[in-house]
Amino acid sequence: MSLIVLIPLAAVVWRSQERGLGYFWEAVTTPDAWAALTLTVGASLVVAVINLVMGTIIAWVLVRDRFWGKGVIDTLIDLPFALPTIVAGLVLLALYGPSSPLGIDLAYARSGVVLALLFVTLPFVVRTVQPVLLELDPDMEQAGASLGASPLQVFRRIILPNLIPAMLSGTALAFARAMAEIGSVVLISGNLPFKTQVASVYIFGQIETDNPIGAAATSTVLLVVALVTLVALDLLQRWGSRHA
Amino acid sequence: MAIEVRDVNKSFGVTPVLRDVSIDVTSGSLTALLGPSGGGKSTLLRVIAGLEQPDTGTVVISGVDATRLSPQRRNVGFVFQHYAAFKHMTVFKNVAFGLEIRKRPKEEIRRRVMELLELVHLDQMAERYPSQLSGGQRQRMALARALAVEPQVLLLDEPFGALDAQVRKELRTWLRRLHDEVHVTTVFVTHDQEEAIEVADTIVVLADGQVKQVGSPAEVYDNPADQFVMRFLGPVTRLGDSLVRPHDIEISPAADPAGTTATVVRVVRLGFEVRVELLIDGQETWAQLARSTADRLDLQPGQAVTVRPSPAARPLALSAS
Amino acid sequence: MPKNLIRYALRALAVGYLLFLLVLPVVLIGWRTFANGLGPIFEALSTPQAISAFQVTLVVAFWAVVANTVFGVGAAILLVRHAFPGKRVLNALIDLPMAVSPVVVGLALILVYGKFAAVGGWLETLGVQVIFSVPGMVMAAVFISLPLVVRAVVPVLEELGDEQEQAARTLGAGWWQTFRRITIPGIRWALGYGIVLCLARALGEYGAVAVVSGRLVEQTQTLTLFVEERFQNFDETAAFAAATSLALLSVITLLLTKILRPKD
């Protein structure tokens, strides 16, 4: 465990600090590194918010609605987890690339990056909200309605508070995944520096051009974000279990 | 002696669970470890089985010092409260497990398992899985599994604890009869004094990690070592400065200088027994009468009566402990 | 009925979103792959380069699964059955690979096991090359799929409890016999589930493997790298063919996990 995980990760942090904090700061604020980082954070935030809304709606439809083909959709939700990310990128490029049959070309555009990230992070919110929604006691909603609450009030004041910990956990997972993603983005984004190059691709480039310290510096930023997300998740889960 | 436990101490963290516990279990006996939950009885049983290590002290099984032996080398049969059935094996396979581990020939295993399943009345269920059995059946399977390896001692941890009242009573009688048939030294843990009195021939009362008393059911019931044992083994009430069993209180309507004057507060008929609530100098007490006696006395609330312990009673002075 | 209206609107929104994000793209790639019949696909996948990619992928995935099965079961037992200092930290660290970018994983391995790093240099003198070769790729695949087996096994092990194991011990079973005859059968479905997930992840890994492999054609090129390289070289037929075979693998994985997933 430590041979494969801890020591190598520690080496990344250590290498990034090798020439002091000043150099570290310079390395992550070079125009192209900074552009890649801000794009990654920005796109991940957008993706997280869309997932928060759409993921909850999909989970809701899967649990509360009944229609033909629901079982198939329920299975398909996990496809982005099972599909290799590079294939996911290729698949999206086929529909939303230069030869799109829909006439929508998102290749080499930031919207293409967001699309790829949406694809790979789809299951997170759905799969964290779904079980909570299933466990939710319908008596509670009926009690709320019997006390005179409108359907909207029941949703806002009774259902939503119960779902929020799961929704936020799923969103945090999606955010972390989006920050870390490379495979699905590589093909559709074209990796244009200052425009569509995400942090992981930038690090990749730095490794290929033999700049390990620059790569380590940007990696350290991603590592810190990952750690913060994990800690936030841990806190979220405790908060959620206290309220359950 | 089948089991000798000497000066065993055991703590979980800073909480002492067993304090200087020493007991002897004679070969072929059926012994109950009785006490309130948290009193250390299950821990003692697990120490005997080797599932827990004592901090200090020794455990000798059939003359061999077993203190440092792992459970697999002690040759004890252990029956868990929640059966610990091997869910992925049939009833037959469950019972055969210990014999297969010992690499006995197939034919012998088959014969022995079927014998045991007959003994526990599960011979029709051999090919079923534990999930297809009722609680009582699972417990009997667990018992057959423990007996299959011909253990030197059989240890049962609250064996009927998870069963409903009716099945519990049936299995109790059945365990007693089984023991008379098989004669294996048996120790079982229970918090139910009725169960201990009915089934065991020796009772060890354990509370706060200490042995409070050892004796036959009659001894511990009639001659409790202290207030705690007396209260734990049956109903008690106060008469003056002593504790008495309520069925050892005699009531007479006539005044009697040898007795104490009391006032009847309430008469409750509970089927075959009648509970008479009394007040003596402002102190509440109660007596348990047979229905015929109560009918003869025809007590009314407010009536003044005389009470005294019956000649058979062994009151325990409250100041003594 | 506004309530029904809302219901239909939500349903349409959810289904539409999934249709355009998930279903149509996947269907389209299948359709494009098979548009010219099976001949070109077969041809594209039987070049030495493609065959080598298949082989490398299988070797890497196989060893990653073996390593993670052993580690995963061991770590799960450690976490559930034993109390030790640092347990909470280990528990948290196991999830770390889920949140770390695969590229960072690759970089981390290069920094320790690369030719110019201390450990890597020492291994090099022993004749073991880790980076730009199979051992490094296995390490990368192990790293990124580390939590899958552990997280699949832990809840089942918790639910199983240790009474069955204790019962086996009192019946005379040794440590290994108890493990093999009681523990393993108890967790077999969860273990299978974890292994399938791990296999899928190892087969489909791109970022970490891309970094540590050096992407040497016919030497360290896995299927995912093959897809990318062929696509960048405008060989769409081969890229689509390989992508479709990977997609088929993942669909099989998906169905397998549906069957294996512990039902409650």
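Start at the salt bridge between chain C and chain B: the count there is one, taking a salt bridge as a side-chain nitrogen of Lys or Arg within 4 Å of a carboxyl oxygen of Asp or Glu. Select B:E100 and C:R181, whose closest N and O atoms sit 2.7 Å apart.

Before going on, note that this is a predicted model, with local features needing pLDDT of at least 70, side-chain atom pairs counting only at pLDDT 80 or more, and totals for chains, interfaces and linings using all residues. Residues are numbered from 1 along each chain as its sequence is written, chains are lettered from A and ligands numbered from 1 in the order in which they are written, and side-chain values use heavy atoms, leaving out hydrogens and water.

Now show the whole contact (heavy atoms within 4.5 Å): chain C brings 17 residues and chain B brings 24. About 1900 Å² is buried between the two chains, 58% of that from carbon and sulfur atoms; buried area is the accessible area (1.4 Å probe) that two parts lose on being put together, summed over both. On chain C, pick C:T170, C:L171 and C:R181, which lose the most area to chain B, together 37% of what that side buries.

Next, hop over to chain B and select strand β17, residues 304-309. Strands here are DSSP runs of E, at least two residues, numbered from the N terminus, and two of them pair if DSSP finds at least two bridges between them. β13(B), residues 249-252, pairs with β17(B) in the antiparallel sense over four bridges; look for B:E250 opposite B:R308. β14(B), residues 260-270, also pairs antiparallel with β17(B) over four bridges, and there B:T261 has B:T306 as its bridge partner.
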